[in-house]
Amino acid sequence: MIVAGAFAAVLDGCGSDGEPAPTATPPLSTAELLQPGPFGVGYMETVLEDTTRGTPANRTFPGSATRILPTAVWYPAEPVGRGFQEQRDADFASAAAPAPLIIYSHGFLGNRRGGAYLAQLLATRGYVVAAADFPLTSFNAPGGATLGDLANQPGDVHFLIDSLLQANSAALSRFQKRLAPQKIGLTGLSLGGATTLLATFHARLRDPRVRAAVAYAPPACFLSQRFFATARVPLAIVHGDIDAIVPYEAHGLAAFQRAQAPKYLFTLRQGSHTAFTDGADTLFGQMSNADDLGCSALASALASDPAAANFALLLGGTDEGIVLGSCPLPCPHGNRNPPALRPQRQLELAKAIAVAHFEAWLRGNASARAWEETSASSENAELSVSWQR
């Protein structure tokens, strides 16, 4: 059965076999999830190069025989004060080992710091979070950002996981034997949310080491039920119900309905798309809806992208669960969208969800799972939760 809102407090959601619900576990509170953990925030940057795969030509860019990935890594360090201040190249906090590993994927026209607000909180709680600028979808992509490279990004995620686990470069040596290879999670926003789904479920492109995933506003209208049938990975989809760029019903809601359990849909009432980006509270805090700016930027980029109309074709066919013809155009209202949830509040909810889902499904924290299934919606009027496990 699928459980929504307050019903989650009394129903197990595991099926219709008539078995009694498990003993109730007191949930964490939203405030507890948003508190920093016992560690400081270590931060480092490096440039990784995947010499086994190439970067295709893109407009004026002739292509490359390798894939260059400027990479940021947040990790637990010894605390300095209290909070989320990044400590550049700090020593790894040995008490955090073995640490779960999370890969964050940025959205179209984004960059590796798009999920910094998530990474900083997770680092204080003992997680290592890595994110790279994807070669051809980042803001500074050679030739201009193109949707046509999406099919290559799950391979980039796989490469990042390998690079962190192997830690065989001088830059990454601090992580050697300090990561938990059986506790790997993925997250990402927008096109990075789609990358997260592809790297988790795609029959050919997925990484079987992934144990939990959180996708923020993922383009998913072209992903069928067959696509999600390859693996049972606990999935959280987080989506604003007035998202102008990736409309909620055709993408987030449809993906939740097609995915296998365990699955969660966190619907942000009046939530936008652009406000999931790091710094949205500062950059867009005075705007009625951050998607007004996001739609303008997207329209300009897509107008010159030759792959915009058929990028999903590059992901495979019906045998791999890729279907076409049911995707609405983005930004139907142009850059005049209805008033949206305050970005600061949207970022708070996004952080609480990420911490709860990874704590629940990578660390087995029953109180975190109880928050997902009971108090997330009862504590937060802006949040509606549906789930099944």
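## Exercises: disulfides and a strand pair

With a torsion of -90° about the S-S bond, the Cys-295 and Cys-331 link is left-handed. This is a predicted model, where local features need pLDDT of at least 70, side-chain atom pairs count only at pLDDT 80 or more, and totals for chains, interfaces and linings use all residues. Residues are numbered from 1 along each chain as its sequence is written, and side-chain values use heavy atoms, leaving out hydrogens and water.

**Exercise 1.** Find where Cys-295 and Cys-331 lie in the chain.

Solution. 
- Step 1: their sulfur atoms are 2.1 Å apart, and they form a disulfide (a pair of cysteine sulfur atoms within 2.5 Å).
- Step 2: Cys-295 sits in helix H8 and Cys-331 in the loop between H8 and H9, 36 residues apart. Helices (H or I, at least four residues) and strands (E, at least two) are DSSP runs, numbered from the N terminus.

**Exercise 2.** Describe how strand S11 pairs with S10.

Solution. 
- Step 1: S10 (residues 263–268) and S11 run antiparallel, joined by 6 bridges (strands pair if DSSP finds at least two bridges between them).
- Step 2: Thr-267 has Ser-384 in S11 as its bridge partner.
- Step 3: in S11 (residues 383–388), 5 of 6 residues are buried.

Terms used
Buried means under 20% relative accessible area, exposed over 50%, partly exposed in between (1.4 Å probe, protein chains only).
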